[in-house]
Amino acid sequence: MLNQEKVFKTLANHGVSFFVGVPDSYLNGFCNYALENCGNRNIIAANEGNAVSIAAGYYFASKEIPLVYMQNSGMGNAINPLVSLADKDVYAVPMILLIGWRGQGETESNHPQHKLQGAITPGLLDIMHIPYTVLEDDDTKFAEIVRKAARYCKDTRQPYGLLAPKGVMASADKPDHKDDMYPMSREKAIEVILDHLPENTIYSATTGRATRELFFLREKRDEMKIHDFLNVGSMGHASSVALGIALKKPERRVVVLDGDSAAMMHMGAMTMVSKMNASNFLHVVLNNGAHESVGGQPSAGYKVDFTSIAEACGYATFGKAVENENELIEAIAKLKDCGRASFIDCRIHKGLSRKLPPIIFNHREAIDALIDDLNS
């Protein structure tokens, strides 16, 4: 991994001292250094498009080049403001894009959700006319690349990309930031939900730890996995997939096991229940106030009143966030037959309840099994 102190010193030498983005495991060394050393000059955004737009506003107000960081899977969220706000024929906004390159070559053989994104990442930058350099684990070369990128941004008022393959901006091990803010772990909360809903309930689990914990809980409990949708990619969209299922299968209970960061990434999806009759739909946000899967950087999860937002969007709620196992059981009992789409903000502590191996499964076989279950 590059020496992160030198990385930030090099950036500062070229006038780059404002950072905004969405944390990525391939960038966890960079993200954690920014978190620990940059104060309010490092902003963790709701999504990548939000980050690009904040960076644009910062440039307008300062004339300084900002840096936007993201995983390449988030480039889709960033494309709209990059091509319709930052483009040279619109408002001409320079910025350095630091992009974690998941799925490069054969580096992600167990994660097919990164394969296509990895293959098309350079091409997306080419299509947007954004020049880029692939970083290496070499501090001297990094300094020269930043000099080149900053000069391009200043001369053209356009973005420049830095692609970070595995190991360049991240240490081998991700930290496990445990706390005791709330008594339940995510795994415990999922198990309580499994225990108190019908056996044939359909579950849509969000990107990251929720998918892994549901997967291995099924094995631990000797249960079938045919009722589960594991949203291994497309962060922020597990609730929309679940809603689509719930609308077509009103006789089945459908539960989304969401994350606070994922829910905020595309919070507009929550408004859909105000227009649709989906009384079988339960939306649970497993809220630990962190981007845990990519390094534990803080989110706004604990600061957001999800319950009030959900009520305003048309959900039935428990009236408050649940903070322990008994409250979660009480909330499920109150909401499961309430006649409306329902919502629970389930507060959990940070940290992993146990070390789990990566999920290795045949994605096509898994989804076909769920499709057969839903259509039998």
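**Close-up 1. Cysteines without a disulfide partner.** Zero disulfides turn up anywhere in this structure, which is a predicted model. Take Cys31: the closest cysteine sulfur to it belongs to Cys38, and that one sits 11 Å away. A disulfide would need the two sulfur atoms within 2.5 Å, so Cys31 is in none.

**Close-up 2. Cys313, another cysteine in no disulfide.** Here the nearest cysteine sulfur is that of Cys338, 15 Å away. Cys313 has a relative accessible area of 11%, and because anything under 20% counts as buried, Cys313 is buried.

**Close-up 3. Helix H1 meets helix H2.** Two packed helices are described by the angle between their axes and the distance between the axes. For H1 (residues 4–13) and H2 (residues 28–37), the axes come within 10 Å and cross at roughly 70°. Angles of 65 to 115 degrees count as roughly perpendicular, so that is how H1 lies relative to H2. The crossing of this pair, H1 and H2, is right-handed.

**Close-up 4. The residues where H1 and H2 touch.** From H1, the contact takes in Gln4, Glu5, Val7, Phe8 and Leu11. H2 answers with Gly29, Phe30, Tyr33 and Ala34. Sort the residues of this contact by type and you get six nonpolar, two polar and one charged.

Methods. Residues numbered from 1 in each chain as written. Predicted model: local features only at pLDDT ≥ 70, side-chain atom pairs only at ≥ 80, totals over all residues. Heavy atoms only, no water. Buried < 20%, exposed > 50% of the residue type's maximum accessible area, 1.4 Å probe, protein only. Axes fitted to C-alpha atoms, helices over the stretch in contact; angles between N-to-C directions. Helix = DSSP H or I, 4+ residues; strand = E, 2+ residues; numbered from the N terminus. Parallel < 35°, antiparallel > 145°, perpendicular 65-115°, else oblique. Left-handed = near helix turned anticlockwise from the far one by under 90°. Contact = heavy atoms within 4.5 Å. Nonpolar A, V, L, I, M, F, W, Y, C, P; charged D, E, K, R; others polar.
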